[in-house]
Amino acid sequence: MRVVIAGGSGFLGQALADSLGRHGHEVQILTRRPRGPGHIAWTPDGDPGPWAASLEGAGAVVNLAGEGIADRRWTPARKAALVESRIRATTSLVRAVRERTTPPAVFVSASGIGYYGATGDEPVDESAPPGSDFLAQLAVQWEHAAAPAGTACRLVLLRTGMVLGHGGALQQMLLPFKLGLGGRLGSGRQWMPWIHVDDWVALVERLIADERASGPFNLAAPAPVRNREFTRALGHALSRPAFLPVPAFALSLAFGELAQVLLTGQRAVPHRAEQLGFTFAYSSIDVALAAAVR
């Protein structure tokens, strides 16, 4: 199968591309800065370009394009960039998909577990309504931009939680924990939906291959944990103490509105993935973090 990945040079894109390649699939990467074989230059400006020809007859197109959510403080300009980078890239791909004589068999488009907003202790599956905060509405807009692809091919939406592996948000957290400065955020009671990168890759590959899969899927392990449990498990995995809580006001001073994402969460569960019979290799946070930091 030939799989085209937009955003394939990032943490998740590289992991997916490597796995697909090991399983004998041809992988093409749409990137602003081509660096080697299989890389195709693209400009995600809302319109199809010469790169669109690569989508013709593809087995799958995977859209992971978009600027990092937690890379910097959320100023008005930064929030606009987060929206624009996702909507323009998705719109470009959707238009290209719909213009193909032979469209790809499936269009897999990223979203986020933040779709549900702050849900407290209530477990939420894919049937739950969206939240009203910035991150939730960003996910709503992102999914709305992807929706027209469903008229040309099967459409899958990836509502991804925190991915544990050698990259992403976990990598940014390691230094303070290694220095013994780690601790819970605020009260530590907020839920953290998480998934090990190997399970994320395996589930995406399953959603590409399984023709029964369409619509939104929560990419999160069956057992979300509270932030204080996550903190304890990460300290244990690193053999470091993790007893220095970060007060909510300090997070707000440092991160502004982004702090609310860190202080609230979703008890999201992968109901639809389990309906498909997907088995998670990492269902324990202790085992997952030990493997991720090894």
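## Parallel sheet and nonpolar cores

I5 has I29 of β2 as its bridge partner. The structure is a predicted model, in which local features need pLDDT of at least 70 and side-chain atom pairs count only at pLDDT 80 or more, while totals for chains, interfaces and linings use all residues. Residues are numbered from 1 along each chain as its sequence is written, and side-chain values use heavy atoms, with hydrogens and water left out.

Helices (H or I, at least four residues) and strands (E, at least two) are DSSP runs numbered from the N terminus. Two strands pair if DSSP finds at least two bridges between them. On this basis, 7 strands form an open sheet with parallel pairing, in the order β3-β2-β1-β4-β5-β7-β11. Because β3 (39-41) and β11 stand at the edges with a single partner strand each, one side of each is left without a neighbour in the sheet. Neighbouring strands are turned by 25 degrees against each other on average, direction ignored; axes are lines fitted to C-alpha atoms, for helices over the stretch in contact, and angles run from 0 to 180 degrees between N-to-C directions.

| Strand pair | Bridges |
|---|---|
| β1 and β2 (residues 26-31) | 5 bridges |
| β4 and β5 | 3 bridges |
| β5 and β7 | 7 bridges |

In strand β5, F107 is the bridge partner of V61; in β7, R159 is the bridge partner of S111.

Helix α1 lies across β1, β2 and β4 and runs at about 170 degrees to β1. Helix α3 (residues 134-146) touches β4, β5 and β7, at about 170 degrees to the direction of β5; contact means heavy atoms within 4.5 Å.

A nonpolar core is a set of buried Ala, Val, Leu, Ile, Met, Phe, Trp, Tyr and Cys residues joined through side-chain atoms within 4.5 Å. The largest such core has 31 residues, of which I5, L16, V62, L158, W200, L207 and L219 touch the most other members. The elements giving two or more residues to this core include α1 (11-22), β7 (154-160) and α5 (197-209). Helix α5 gives the most, with 7 residues. A second, separate core of 21 residues includes A6, A52, V61 and L93.

Notes: Buried means under 20% relative accessible area, exposed over 50%, partly exposed in between (1.4 Å probe, protein chains only).
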